[in-house]
Amino acid sequence: MKVSNIYKLIVFIIAFGLTACNFMNYKNKPQNESDVNVNKWNEANNTNLKPMYDNMNRTSEQRLSDQKFIETMMEDSGDKTIAAKKMANRGWYYFFHNVIDTAMFRFNQSWLMDSTYAESYFGFAAIREYQGLNKEAEQFYQLAYKHDNTDTLSEKILHKIAGIKEQQKDTLALITAFRRAYNKFPNDGSATGKLGFFYSAINKPDSAIKYYNITIELDPEYEQTYINRGDYYFQQQKTNEAINDFTTAIKKNTKSISAYANRANALMFDKQYKEAIIDLKQCILLDPKYPDFHNALAECYFQLNQNDKGCEELNIGIKKGGQFLETKKERNCK
């Protein structure tokens, strides 16, 4: 065999070996049956990758290592539940960063320190749900609820999981998480408010209105829900409903800049410029540094053929840092 051919063969073998090794790497989120089988193979050969260490199916060497870990954590924390919380926090850190194998290690260590503490079970549930193993995930959610007698930790962690999914911009996953929180805690207005907002974001009108209405029933004094529902109505070009909701929000909080600004926007869309001017002036009183309110106010004046006032507002906005020079030229302002 020629040297060049031997070289090519060696390169091929190395490349195949690297590919094969990579192929057998643990998959954070299996995409197909092949990935699922890869994870099963990894878990069969490393109980750290399975919740509760595969029910403590550990070798004598691993058990010795576990005992040393427990002793070290107890020396550091002095309390097994405190130590369990520390490891759970690390688990959530790696879960957020999609390093799932390490997240599982940490939740296992949390469980090892205190198997009666519910948070490790929530960690196992979140990981299995992320990996598409929903039946197993549900089993761990139920175990978590069972180990949280007061429900205080359950509500907190369910929101934590949803919050992680929100930060990861995984809308479908966060909707699932907030629905779980609401189903477990029917008076959770924070969860229903989020559901209304994100169902609106994915254009599910019936669900959006359903959860906005539930949120208002649960907490009729919270103005942000009216603003969110009003914004949804505005996107659907239902301006009367939008204006009504923004008006209600203003009644609930007379210092809500968002409520005034949104109502002004809806009024301008409806060509009610005189009414919009009143709201925009209120926005400027509440936030005198924001230049764009002057640009919107100028547009109202221009639509009412009060061009001098419009130009004056553009000049004020420009002094506050607004980029309105082109608009000023288009309107023939001095």
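A residue is termed buried when its relative accessible area is under 20%, exposed when that area is over 50%, and partly exposed in between. The legends below describe a predicted model.

**Figure 1. Asn98 in the loop between helix H5 and helix H6.** Helix H5 covers residues 80-96 and helix H6 covers residues 100-113, and Asn98 is placed in the loop that separates them. With a relative accessible area of 30%, Asn98 is partly exposed. Its phi is near 60°, a positive value in a residue other than glycine. Most residues other than glycine have a negative phi.

**Figure 2. Asn332 in the segment after helix H19.** Helix H19 comprises residues 325-330, and Asn332 lies in the segment that follows. Although Asn332 is not a glycine, its phi is positive, at about 60°. The relative accessibility of Asn332 is 68%, so this residue counts as exposed.

**Figure 3. Helices and overall dimensions of the protein.** The protein contains 19 helices and 0 strands. Its radius of gyration is 29 Å, well over the 20 Å that the globule rule gives for 334 residues, and the protein is therefore more spread out than a compact globule. The C-alpha trace spans about 85 × 70 × 40 Å along the principal axes.

**Figure 4. Burial, contacts and surface of the protein.** Of the 334 residues, 41% are buried. Among contacts between residues at least 6 apart in sequence, 48% join residues at least 24 apart. The accessible surface amounts to about 18900 Å², and carbon and sulfur atoms account for 50% of it. The protein carries 44 positive and 41 negative charges, whose mean positions are 4 Å apart.

Definitions and conventions: Residues are numbered from 1 along each chain as its sequence is written. This is a predicted model: local features need pLDDT of at least 70, side-chain atom pairs count only at pLDDT 80 or more; totals for chains, interfaces and linings use all residues. Side-chain values use heavy atoms; hydrogens and water are left out. Helices (H or I, at least four residues) and strands (E, at least two) are DSSP runs, numbered from the N terminus. The radius of gyration is taken over C-alpha atoms; the globule rule is 2.2 Å times the number of residues to the power 0.38. Buried means under 20% relative accessible area, exposed over 50%, partly exposed in between (1.4 Å probe, protein chains only). Contact means heavy atoms within 4.5 Å. Accessible areas come from the Shrake-Rupley method with a 1.4 Å probe; for residues, only the protein chains shown count as cover. Lys and Arg count as positive and Asp and Glu as negative; His and the chain ends are not counted. The place of a charge is taken as NZ of Lys, CZ of Arg, CG of Asp or CD of Glu.
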